[in-house]
Amino acid sequence: MVENKKNNTTIMTDAQHSRLSLQVLTTTALVLPGLLNQPAQAAEDNNVDFQYSHYQEGKRDIYGYGLSGIEKLPQNLNPIEVDSVHGSGKFTLTDRIKFAFNYTQDTWSGATPIGTAPTIRNGNFPKSIRDSQGNVVAITGASPYAGNGSGLSDIFVDRKGNFYDVKYDSASNQYLPGLRNNQLTHVLSYASPETRKQGDFKLTYEWDSASIDVGGGISIENDYESRFGNVGGRFDFNQKQTTFNWGLSYTNSDTTATLDPDALPFINTEMYDNDAFYMPTHAPSGYIESTYTTDEFDQISRTSAVLHGNRQDWGSHLGLTQVLDKDSLASIDLSYTRSTGYLANPYKVVYGHVATFDPGQEIAITNLYGRSASSSLLEIRPDERNLFNWHLGYDRYIEPLDAAFHFDYSFAHDDWNINAHTFEADWVQPLGAGWTVTPRIRYYSQSAADFYTTAIYKLDDYIKDADGNVVGTKPIQEFPKHYSSDQRLSGFGTLSGGVTVEKQFRKGVSLETGFEYYTHQGSLKIGGGGEQAFADYDYWVANAALKVNLGALNTSGAGHEGHDVHHHYHSNAPAGVMFDHTLPKVGDFMAGYRYMRSDQQGDMHSGNNSVGLDTVNTIGCDGKPCAVTPKFMSMNMHMLDLMYAPTDWLTLMLMPQWMDMEMKMTPNDKFQFIDIGHGGHSTIHAHQTGGIGDTGMYALFKAFEHPNHQLTVSLGGTAPTGDVDIVLRKTAMNPVYDQKIHYGMQLGSGTWDFKPALTYTGELDNFLWGAQTNATVRLEGKNESGYRLGDIFQGSVWGGYN
């Protein structure tokens, strides 16, 4: 059981328990690509792994008022997608001491549900095209409303919480309840790109029949930071046929979430508020600090709110692995996690409905709940959770087919009343010539948390005296203490299937790629009773991994031949220079990793002159005032060099890359923002992007070769695999829907680019030198976002002494 600490959802993941296996099983790739964020594991072999993965959700169905009444609306928001890069290493420090580390970085963005609402509430407010007379002629999409987006002040509800369509009665000139309508829909809001970085390590000391390890790590993102440590070990007995595993862990996490300023007037936060104006009646573990401003009419309004929360997680694990015979083993594990503190999601709301009934009245008008016409409430979850997970595993080597079969079952239960079952199986089949294929299937089902709900109600009866005057109210139903409409706490099932393909090269290098497709449906829940179809969606995960066994590399290049190979692979160019050498022999394969970081900060310039912040704010944006001024920008780029020599004069090179960027800005307090429904300025002044960049493909030629001089020609370019249409969510700082982020923070050029290079290197005794000229020529007039970057021509020279 692995828990997403930020979103606090129960999710069963692959490879949730470490496996001990027979020697015959370890040759068949038990670990599949795509299993990120697992604790670092010590291993017998020294190895380094790199992996990229992409998670993509399908578009969800949303509903609201269209041209023909309530209908399915066009989905104009891109669904959630996550790009991840993962690197790990395992090293033997001494005969008994092992060290391992993991680094993971992922960037996500897209449309995510903020809550669940009745469709008649019109939480997905339609975006429309109107004709010259102002009549709506087409619906193009929808915008999220945390309040009542119906255009009506009220909707109707009965004593049991059923909703009713609103109809206008011209005779009485008022709105009356129509037909019962309990159709629900997710209210989707777009999240701008956000990056998470996580690193962890593990140090292991091994005896002949036992080991102990300690580890720790940290995970950081804009609004969440988590620090964790762990200790564990194993004992082998029964002639190493039986292994006992144990582990303890502790995690401390802080949430610092800035709530959307645009939504603040429509969200009731009083249970979390911790200020002079509003105090909670029963506060959950988190609290909100707010900033207020006073306008010229002495009206006080809230301009920002930051939710703070802390949580702690204690975990324990016990496991037993037993060799059954020479070809099979079984395992059983039990884990327990206790979580306390702020366990909610700061970006999820629940829609509240308040109504008061006259005596004998069955259907009443609902009032907007809370202060400032708020009609939704930040979710509140219990501040304690106790989670148990049982796991059974079976691994079998099928000797006639030289294959391995794995089956796992897990059952999880917590005091939130979530019961979860996971069944998964895979078949690892070697095909010869270093190829292995692994198909797999997985089924998951969970029941809903006992505080999961699609709506909350405060319903009362009027108490009247003999003259019909109201003298009080009597409660029918109150708001519960805890509530959440996060679909991940609902009852549902998922079914997935996937395949992994691995190619093992000589010298300890292997490449893997995998794909898995999931369907998430309430109807797939065991026993039925899952969430309605409005919450169904599909998603897929694709990944690719490069694995290098350092031990195999060391043994394959021993002796004089190994020394000769090292000499020919040596490059005298600086780290930032590429395309400076080819591989020496036919059939050679090389894998390399490059990392580059770029920072930009300091004074702003107009021409050659430094200018102050006031000048930039006044005229810096094309002669007009600026809303914000750039303060800092950073870029991190991770690149893989995959090289293969089909001949002794030609080397082919593939260079995928992953990048992330961050920009921080200083707001201009004097800038007049476009009125979007409330006063004040947004405090959001930073944004991030990240994901796969453009992919390079090159051919390197030996134009001239001499013992002391070499000339290399590189011809190739990049394919536009990096996104150039990343958008920011709508805020006061960015009042335009679907506004693309500026091209400096897009992930690629968006065009096919030709990138030739000519490199000369020389050496004499202990001296070395070189020079390179290269270019980037855009082969298209513009990309899909309507712009084109400029061409680049540059040269480099270097020298050195060994």
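Trainee: Is Phe-451 buried or exposed?
Mentor: This is a predicted model, and what follows is computed from it. Buried means under 20% relative accessible area. Phe-451 has 5% relative accessibility, so Phe-451 counts as buried.

Trainee: Which residue forms an aromatic pair with Phe-451, and how are the two rings set?
Mentor: A search of the whole structure finds 24 aromatic pairs. In one of them, the ring centre of Phe-451 lies 5.0 Å from that of its partner, with 80° between the planes. Planes over 60 degrees apart count as edge-to-face. The partner is Trp-416, and the pair is edge-to-face.

Trainee: How many residues apart in sequence are the parts that this pair ties together?
Mentor: Trp-416 lies in the loop between strand S25 (403–414) and strand S26 (419–432). Phe-451 lies in the loop between strand S27 (435–446) and strand S28 (456–464). The pair therefore ties together parts whose separation in sequence is 35 residues.

Trainee: What is the relative accessible area of Trp-416?
Mentor: The cut-off for buried is under 20%. Trp-416 is buried, and its relative accessible area is 2%.

Trainee: Which residue in S23 is the bridge partner of Asn-268?
Mentor: S17 and strand S23 (residues 376–378) run parallel and are joined by 2 bridges. The partner of Asn-268 in S23 is Leu-377.

Trainee: Which residue meets Asp-461 in a salt bridge?
Mentor: The N to O distance of this salt bridge is 2.8 Å. Asp-461 is in strand S28, and its partner is in the loop between strand S10 (155–158) and strand S11 (163–169), 302 residues apart. The partner is Arg-159.

Trainee: How do Asp-461 and Arg-159 count by accessibility?
Mentor: Under 20% is buried, over 50% is exposed, and partly exposed is in between. Asp-461 is at 14%, so Asp-461 counts as buried. Arg-159 is at 23% and counts as partly exposed.

Trainee: How many residues apart in sequence are the parts tied together by Arg-96 and Asp-208?
Mentor: Arg-96 and Asp-208 form a salt bridge, with the closest N and O atoms 3.4 Å apart. Arg-96 lies in the loop between strand S6 (81–92) and strand S7 (97–118), and Asp-208 in the loop between strand S13 (184–206) and strand S14 (210–221). The pair therefore ties together parts separated in sequence by 112 residues.

Trainee: How many salt bridges does a search of the whole structure find?
Mentor: One more example is Arg-597 with Asp-599, whose closest N and O atoms are 3.1 Å apart. Glu-379, Arg-381, Asp-486 and Arg-488 are linked in a network of salt bridges. The search of the whole structure finds 27.

Trainee: How many bridges join strand S3 to strand S32?
Mentor: Strand S3 (residues 47–57) and strand S32 (residues 537–549) run antiparallel. Val-48 has Val-548 as its bridge partner in S32. The number of bridges is 11.

Trainee: Which residue in S32 is the bridge partner of Gly-514?
Mentor: S32 also pairs with strand S31 (residues 509–521), in the antiparallel sense and over 12 bridges. The partner of Gly-514 in S32 is Asn-543.

Trainee: What is the area of the nonpolar surface patch that includes Leu-715?
Mentor: Leu-715 is found in strand S41 (residues 709–719) and counts as partly exposed at 42%. Leu-654, Met-697, Trp-752, Phe-754 and Leu-779 make the patch together with Leu-715. Its area is about 560 Å².

Key
Residues numbered from 1 in each chain as written. Predicted model: local features only at pLDDT ≥ 70, side-chain atom pairs only at ≥ 80, totals over all residues. Heavy atoms only, no water. Pairing = 2+ DSSP bridges. Helix = DSSP H or I, 4+ residues; strand = E, 2+ residues; numbered from the N terminus. Phe/Tyr/Trp six-rings, centres within 6.5 Å; stacked < 30°, edge-to-face > 60°. Buried < 20%, exposed > 50% of the residue type's maximum accessible area, 1.4 Å probe, protein only. Salt bridge = Lys/Arg side-chain N within 4 Å of Asp/Glu carboxyl O. Patch = residues over 30% accessible without salt bridge, like charges linked within 9 Å, V, L, I, M, F, W, Y side chains within 5 Å. Areas by Shrake-Rupley, 256 points an atom, 1.4 Å probe, with all protein chains shown as cover.
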